[in-house]
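Student: I would like to learn how to read side-chain contacts and backbone features in a model. Can we work through one together?

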Amino acid sequence: LKLRHIIKSVCSAPSLSRAMAASHDSVNTSGAYAPVAVAGPVDELAPPTAAHFPRRGLIAALCATALVAVGAATAARGGAQSQGLRQLPGAADLQIKAEATWVQNGVFPSQAPEMDVDVQYVGAAGWGTNYDHIPTPEMCAAMCQGVEKCNAYTWVKDAGLPGCPSQCWLMEGISEKKPLKGLVSGKPPTRKPFATPPASQGAASGSLYCFALMVPEGYEEGLLKWQHDNKAGIFGCDQAAVYSNTHIRIAPAVVTQVVNSTLKCGYGGDSMSALNAWIFIEVWRKLIAIGDYKKHDWVVKVDPDAVFFPDRLSKLLVKYQGAGYINNCRYGMHGPIELFSSRAIDTLAADYKLSWDGKAPKTCVTKMDFGQWGEDMFMDQCLSKILEVKPVPTDATLMCESHCDCNAWYWCNEGDDMVSYHPFKSIDSFKNCMANAMGSASKATIRA
């Protein structure tokens, strides 16, 4: 349990998100692909210069899958911990698997094609990139599937990195395959064709007002423009809006609603997540002032990098008529998707009116110490504990992400009732996730 907690803390939400950022193209000066130099069991690889391959500077990320493999990972470290494993029923088999570089289908059922264990794929001339702190070759395979020009990958079990030491190399082509202990290579699963997702199906479940907050610099603008053009995400709701701190035209009929905020915050708390409560206090103030949410039954806040299916949410909401809001995780509400009844936002609006300038919900702000909270925890505690909005059911099919025990989130095939997946920060990976999810016809039994 302590190890699970440590992994949860190290693999924080900001790190998780950074690790799924859009891939950067890289062609080395000699015209041949080469990974960065690594240490440890694969230090015999010839180190290229910085010009050959720019390393992705990620701190700690994507280690959620390691939570499932925690027993095998503990044994792999050796010492007294592995001795303890041998005393358990079936521990000898676990020890064999732990000592191997990787046993496909050994820790959990694999969704990747057959892998080449203890083999390095040497990249041919062309595109390539790499990611640090990728805990399993399974995740590496999924990341390759999420980049259209990735045709092969190599995973390094121990690249000498601090924390989660593994690394994932993605490449466009292969020049050769060579035996090398500690590496696992393979090709991604066949990519599914993308089709426009169905829109919200209001009627019996109620209409949806969906919105996203967009940071003007970076990938979010392009991602939201793609969603609009493909009628995906929030743009499949009955009404959609985008908020930002400057006027930006997402589409001819979609211009951002401007909030009075820099949209910048620090990171902290137990999980080193964004301390963005005050940012969203301003966003909610603006949303309430505009008042469009009142035309609808439900208010849905969706992160730009969350793959979201409004039609699935409509089906889910049929059984939650009368709910104040719906929690998306047994550990507390998480920010990628937040779902509130319009009644809950009316209650929040009344608390804003109690403040002298109307810029913050007075009772919630004065009765809670939220300096180390993110906006999701602030809203959850404000509505449930202070304003007593009820009932608050929890439904795990609202969101699939690593921080809420959906450890195969990167495959996006948890079944045709999963409402959202998070995070996917490039158009390629977002589209690939959506295609995988729409090709998932029934509840998946795989939980990596």
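Tutor: We take ring pairs, then charges, then the backbone.

Tutor: This is a predicted model, so local features need pLDDT of at least 70, side-chain atom pairs count only at pLDDT 80 or more, and totals for chains, interfaces and linings use all residues. Residues are numbered from 1 along each chain as its sequence is written, and side-chain values use heavy atoms, with hydrogens and water left out.

Student: How many aromatic pairs are there by the ring rule?

Tutor: Rings of Phe, Tyr and Trp (its six-membered ring) pair if their centres lie within 6.5 Å; planes under 30 degrees apart are stacked, over 60 edge-to-face, and the rest tilted. That rule gives 13 aromatic pairs here. Take Trp102 and Trp155: the ring centres are 6.2 Å apart and the planes stand at 65°, so this pair is edge-to-face.

Student: Where in the chain do Trp102 and Trp155 sit?

Tutor: Helices (H or I, at least four residues) and strands (E, at least two) are DSSP runs, numbered from the N terminus. Trp102 is in the loop between helix 6 (91–99) and strand 1 (116–123), while Trp155 is in strand 3 (residues 152–156). The pair links distant parts of the chain, 53 residues apart.

Student: Are Trp102 and Trp155 buried or exposed?

Tutor: Buried means under 20% relative accessible area, exposed over 50%, and partly exposed in between (1.4 Å probe, protein chains only). Both Trp102 and Trp155 are buried.

Student: Which kind of pair do Trp278 and Phe370 form?

Tutor: Their ring centres are 5.6 Å apart with planes at 50°, so the pair is tilted. Trp278 belongs to helix 9 (residues 277–290), and Phe370 to the loop between helix 12 (362–367) and helix 13 (375–386), 92 residues apart. Trp278 is exposed at 51% relative accessible area, whereas Phe370 is buried at 6%. Rings can also group: Phe211, Tyr243, Trp284, Tyr325 and Phe340 form one aromatic cluster.

Student: Which residue lies over the face of Phe309?

Tutor: A charge sits over a ring if NZ of Lys or CZ of Arg is within 6 Å of the ring centre and within 35 degrees of the ring normal. Here Arg312 lies over Phe309, 4.3 Å from the ring centre.

Student: How many salt bridges does the structure hold?

Tutor: A salt bridge is a side-chain nitrogen of Lys or Arg within 4 Å of a carboxyl oxygen of Asp or Glu. The structure holds 13. One of them joins Lys181 and Asp118 (3.7 Å, N to O). Lys181 is in strand 5 (residues 174–186) and Asp118 in strand 1, so the bridge ties together parts 63 residues apart in sequence. Asp118 is partly exposed, at 22%.

Student: What about Glu282 and Arg285?

Tutor: Their side chains meet in a salt bridge at 2.8 Å, N to O. Both lie in helix 9, three residues apart, about one turn of the helix. Glu282 is buried at 10%; Arg285 is partly exposed at 23%.

Student: Where are the cis peptide bonds?

Tutor: One joins Lys390 and Pro391, with omega about -10°. Another joins His422 and Pro423, with omega about 5°.

Student: What is phi at Leu263?

Tutor: Leu263 has a positive phi of about 60°, although it is not a glycine. Leu263 is buried, at 11%.
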